[in-house]
Every structure is written in structure tokens, then in C-alpha cells.
Amino acid sequence: MATSVKVILREDIENLGKEGDVVSVLEGYARNFLIPQSKAYVANTASLNELAQKKAADEKIRKEELEKAQSVKSLIDGKSVDVFAKGGNKGKLFGSVTSKDISEALNAKYGVFIEKKKIKSSLEETKIIDTFGSYPYEIKIYTGVTANITVNVKEQDVSSN
């Protein structure tokens, strides 16, 4: 008769469970594959207590990050930021406004740092800003926390250089 043993997964394993799950597997599977491959370790009292402490610490960190993200959202959601650029005739810019420019403008105005990869245009056709005007943008601050801003592209005052 095959005996089973409880193990804690170190990584996601298809058809078995996710990292941190406590699962019951055949003893031979655990002894010959999961444990030697460092995919799992035996679930004993000490390892279960350690897992519980790790999950509690991870949950605390996740909660703090969510609270921080919500405070950033309340600070910038629905607001606008001005980005200044040099332009030519007919409202065309010399170059374009990038996510990095928007990130820097948000940092300067509101004191928040947003990674440029989290800043996306709300308009499908607006991939590159190359004219003056106002553009809606969506900022994914954290999982489930999104803010909407308006980016106003204005002509840079030439005399200030």
C-alpha cells in the first residue's frame, strides 16, 4: 500500500499546487522527485509554523503596499500634469513626449515616482504624443489600483533656455 506524505511546495507545480501550498503526495514522489529537485520540502510542525509566519509577513507587506498605492491614487487620480516640449509650426513637436517625461512631470508636481512602464495612454490611437494638446492616461499603480490623469502638452517657452 502506497503511503502519502505532506509537503510544502517551493514553486508552482502544474496539477499539484502553487508555491507555499501544503499538499499530500505519494511518499515515493516526494522522496524521489520533489525534495531532491528542491521543488518541495517536508511539512512538519516547524516548517508549517515557519510557513505561517512567512505568509503573515507577506500579507502585511502586501497590505502596506496596497495602502501606499491607494494614497498615491488619491493624490493624482483625476488630476492633470503639464509636460513642456519644443514644437514647430502646425502644433507638431520636435520629437515626442514619452512615458519617462510624464513620470518626471508627476514626480516634480506631486512628489510621486511612477515607473514609466506603468503609464499607458487611454486612447488606443495615441501611441506617441507628437502634437500639443491634452491626452488621457491611465496609471497602473498596483494590482487593482489604477489612476487616470490628463497630460497637457504645452509649448516650452523658448526664452527660458
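Modeller: A polar contact is a pair of N or O atoms within 3.5 Å; within protein, one must be able to donate a hydrogen and the other to accept it, and residues adjacent in sequence count only if both atoms are side-chain atoms. The model is a predicted one, in which local features need pLDDT of at least 70 and side-chain atom pairs count only at pLDDT 80 or more, while totals for chains, interfaces and linings use all residues. Residues are numbered from 1 along each chain as its sequence is written, and side-chain values use heavy atoms, with hydrogens and water left out.

At its start, a side-chain oxygen of N44 comes to within 3.2 Å of the backbone nitrogen of A46. Just after helix 2, G78 adopts a positive phi of about 80°.

Buried means under 20% relative accessible area, exposed over 50%, and partly exposed in between (1.4 Å probe, protein chains only). In helix 2, the buried residues are S47, L51, A69, V72 and I76. Their cover includes strand 1 (4-9), strand 2 (22-26), strand 3 (40-42), helix 3 (99-110), strand 8 (133-142) and strand 9, where contact means heavy atoms within 4.5 Å.

A nonpolar core is a set of buried Ala, Val, Leu, Ile, Met, Phe, Trp, Tyr and Cys residues joined through side-chain atoms within 4.5 Å. The largest such core has 25 residues, of which I76, I102, L106 and I149 touch the most other members. Helix 2, strand 4 (80-85), strand 5 (92-97), helix 3, strand 8 and strand 9 each give two or more residues to this core, and the largest share, five residues, is that of strand 9. Beyond four places in sequence, L106 touches I76, V81, G111, V112, I114, I119, I139 and I149. Apart from this core lies another, of eight residues, including L9, V23, A30 and L34.

Definitions and conventions
Helix = DSSP H or I, 4+ residues; strand = E, 2+ residues; numbered from the N terminus.
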